[in-house]
Amino acid sequence: MGSVGWGYVAVMAGVTFATRALPATLIRRKVTNGFLRSFLYYVPYVTLAVMTFPAILGATGVPAAGVVALLVGIALAWRGAGLFAVSGACCASVLAVTLLAQAL
């Protein structure tokens, strides 16, 4: 890895350290602001969504299969289905759309 590559690694290490260490050292008391507490509550969920959403749409060979699986997953989760049922239905929908696309 060249010097530019190590520079990227150093910047990333600094950013990672800053985002983890600064809040722990600067915020000593309990956060009482309702907006900030609400914002911090949803940060892990948003982070997970941002990382998984592109993979859902691009993981299959047929982009429409990813879209259908996303819609099926949202619909089932909205109706209160469990994780196993949602993931199974999403896998089945990807299989069905992929087979349908290959047949056409």
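I'm working from a predicted model, where local features need pLDDT of at least 70, side-chain atom pairs count only at pLDDT 80 or more, and totals for chains, interfaces and linings use all residues. Residues are numbered from 1 along each chain as its sequence is written, and side-chain values use heavy atoms, with hydrogens and water left out.

**H2 and H3.** I started with helix H2 (residues 34–58) and helix H3 (residues 63–78), whose axes come within 6 Å and cross at roughly 130 degrees. Helices here are DSSP runs of H or I, at least four residues, numbered from the N terminus. Axes are lines fitted to C-alpha atoms over the stretch in contact, and angles run from 0 to 180 degrees between N-to-C directions. That angle makes H2 oblique to H3 (under 35 degrees is roughly parallel, over 145 roughly antiparallel, 65 to 115 roughly perpendicular, the rest oblique). On the H2 side I found Phe-53, Ile-56 and Leu-57 in the contact, and on the H3 side Pro-63, Gly-66, Val-67 and Leu-70 (contact means heavy atoms within 4.5 Å).

**H3 and H4.** Next I checked H3 against H4: their axes are 8 Å apart and the angle is about 150 degrees. H3 and H4 are therefore roughly antiparallel. Among the residues that meet here are Ala-65, Val-72 and Leu-76 in H3 and Ala-89, Val-94 and Val-97 in H4.

**The pocket.** Which residues lie nearest the centre of the largest pocket? They are Ile-56, Ala-69, Gly-73, Val-86 and Cys-90, out of 15 lining residues. A pocket is an open set of points on a 1 Å grid over the protein atoms alone, where a 1.4 Å probe fits, with protein on both sides within 12 Å along at least five of seven lines; lining residues have an atom within 4 Å of a point. H3 gives the largest share of the lining, seven residues, and H3 and helix H4 (83–103) each supply at least two.
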